[in-house]
Amino acid sequence: MASLLSSALNLPFNRFNDGNAKDLPVKAFSNKDYLFARRTSGCQGHYLLIKSKTSFKADVLAKESLNVETADETNDFGVVSVHHVGILCENLERSLQFYQNILGLQINEARPHDKLPYRGAWLWVGSEMIHLMELPNPDPLTGRPEHGGRDRHTCIAIRDVSKLKAIFDKEGIPYTLSRSGRPAIFTRDPDANALEFTQV
């Protein structure tokens, strides 16, 4: 992705900087800066930029919309982020009970769930999504590793692993903790799809 933002970029003017604030420190973004770009919906070539400004005494997160020119390299097609993860389920209602009522995920009503030849639902996970698809699952339900980190899994970033652990304990949902000791918890959905929740 560094080649996507190959030239130095300056923050555009915004409501906090109308061009008259000369005393504010201004720093051009370069390849060495930590950048996370995400294509904003419906705006071709516009990206949401998140940069950790380590030059200030306090950690400040700046988010700005800017226009990024097409990358010079032909093999750089502009990877931005994971848009969604498709998860197979045997019974959509049973899966929605888990994903909505236990995990608290909300359905994205704007996604066309009725235009596909199978039942499904799109659930928001921050700014990305899980696409639940009611289709036959080719994976076995038995014989899978007890620890989801040793299986195909989807990882969701959360703020507090201990709160989710308390929810799993209350609901009687089995889980394992990260083997490395980092704050992460693993469980399986009703169709044995492994899920990791890591604290960020």
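This note goes through the charged and aromatic side-chain contacts of a predicted model.

1. Basis of the values. Because the model is predicted, local features need pLDDT of at least 70 and side-chain atom pairs count only at pLDDT 80 or more, while totals for chains, interfaces and linings use all residues. Residues are numbered from 1 along each chain as its sequence is written, and side-chain values use heavy atoms, with hydrogens and water left out.

2. Salt bridges overall. A search of the whole structure finds nine salt bridges, a salt bridge being a side-chain nitrogen of Lys or Arg within 4 Å of a carboxyl oxygen of Asp or Glu. Among the residues involved, Glu90, Arg94 and Asp191 are linked in a network of such bridges.

3. Glu93 and Arg119. The closest N and O atoms of this salt bridge are 2.3 Å apart. The pair links distant parts of the chain, with Glu93 in helix 1 (residues 92-102) and Arg119, 26 residues apart from it, in the loop between helix 1 and strand 5 (120-125); helices (H or I, at least four residues) and strands (E, at least two) are DSSP runs, numbered from the N terminus. Glu93 is partly exposed at 44% relative accessibility, and Arg119 is partly exposed at 39%, where buried means under 20% relative accessible area, exposed over 50%, and partly exposed in between (1.4 Å probe, protein chains only).

4. Asp139 and Arg152. These side chains form a salt bridge at 2.8 Å, N to O. Both residues are placed in the loop between strand 6 (128-134) and strand 7 (153-158), 13 residues apart. Asp139 is partly exposed at 24% relative accessibility, whereas Arg152, at 54%, counts as exposed.

5. Asp169 and Lys165. Here the salt bridge has an N to O distance of 3.5 Å, and both residues lie in helix 2 (residues 161-171), four residues apart, or about one turn of the helix. Asp169 has a relative accessible area of 43% and is partly exposed, as is Lys165 at 30%.

6. The structure holds three aromatic pairs, counted when ring centres of Phe, Tyr and Trp (its six-membered ring) lie within 6.5 Å, with planes under 30 degrees apart taken as stacked, over 60 as edge-to-face and the rest as tilted. Phe168 and Phe197 form an edge-to-face pair, 6.2 Å centre to centre with 65 degrees between the planes, which links helix 2 to strand 10 (residues 194-199). Phe168 is buried at 0% relative accessible area, and Phe197 is buried at 3%. Together with Tyr175, Phe168 and Phe197 form one aromatic cluster.
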